Amino acid sequence: MIIDIFDANVTREDVKGFANTTACRGIIEKDGKYLVVNLAKFDITTFPGGRLEKNETLEECCVREVLEETGVMCKVVRKQVSINEFFIDSHWTNVYFLCEFVEDTGITNFTDEEKDLQMKIEWRTLDELLETFENNMTL
């Protein structure tokens, strides 16, 4: 499934010349709870993930980013959805993968930006997650 989201008054033509930035995110359930990261500085909640690196597959990106941000090792089960976000100055594609929990290493590797955003790791029930996505800013 592919979903296209356009910022206010932005069309596909407006961002035609912009490079697309791709990020991969993991949806991981364990014991009835889902793994998310919260950027406390702005109260933004999202599934863990980040930018695709050169010569990396989408699946490799997902596994690496989840591990770096949360310390959780996972295995990609399947691609779930791709969301294209079109802004006045950029075009992002977030590819979401359903993943299987493998192990929690307890070791994170936050970037300076993630530290500045006060990233926190959380496990939320489906009801908590749906409430969060309905009432708060998400990525």
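The sulfur of C99 lies 3.7 Å from the closest cysteine sulfur, in C62, which is too far for a bond, since a disulfide is a pair of cysteine sulfur atoms within 2.5 Å. By this rule the count comes to zero disulfides. C24 is in no disulfide either: the nearest cysteine sulfur, that of C61, is 3.7 Å away. Please keep in mind that this is a predicted model, in which local features need pLDDT of at least 70, side-chain atom pairs count only at pLDDT 80 or more, and totals for chains, interfaces and linings use all residues. Residues are numbered from 1 along each chain as its sequence is written, and side-chain values use heavy atoms, with hydrogens and water left out.

**Cysteines and burial**

- C99 counts as buried at 5% relative accessibility, where buried means under 20% relative accessible area, exposed means over 50%, and partly exposed is in between (1.4 Å probe, protein chains only).
- C24 is buried as well, with a relative accessible area of 0%.

**Nonpolar cores**

- The largest nonpolar core has eleven residues: C24, I28, L35, C61, C62, V66, V72, C74, V95, F97 and C99.
- Such a core is a set of buried Ala, Val, Leu, Ile, Met, Phe, Trp, Tyr and Cys residues joined through side-chain atoms within 4.5 Å.
- Two or more residues of this core come from each of β2 (20-30), α1 (58-70), β6 (72-87) and β7 (90-104); helices (H or I, at least four residues) and strands (E, at least two) are DSSP runs, numbered from the N terminus.
- A second, separate core holds seven residues, including V36, F47, V81 and I83.
- F97, one of the residues of the largest core, has contacts that include C24, R25, C62, V76 and R78, leaving aside neighbours within four places in sequence; contact means heavy atoms within 4.5 Å.

**I3 and the surface**

- I3 is found in strand β1 (residues 2-6) and is partly exposed, with a relative accessible area of 33%.
- Beyond its neighbours within four places in sequence, I3 is in contact with V81, S82, I83 and N84.
- Together with M1 and I5, I3 forms a nonpolar patch on the surface, with about 300 Å² of accessible area in total (Shrake-Rupley method, 1.4 Å probe).
- Patches are made of residues with over 30% relative accessible area and no salt bridge, with like charges joined within 9 Å and nonpolar side chains (Val, Leu, Ile, Met, Phe, Trp, Tyr) within 5 Å.
- A salt bridge here is a side-chain nitrogen of Lys or Arg within 4 Å of a carboxyl oxygen of Asp or Glu.
- I3 and T111 are 108 residues apart in sequence and 29 Å apart in space, C-alpha to C-alpha.
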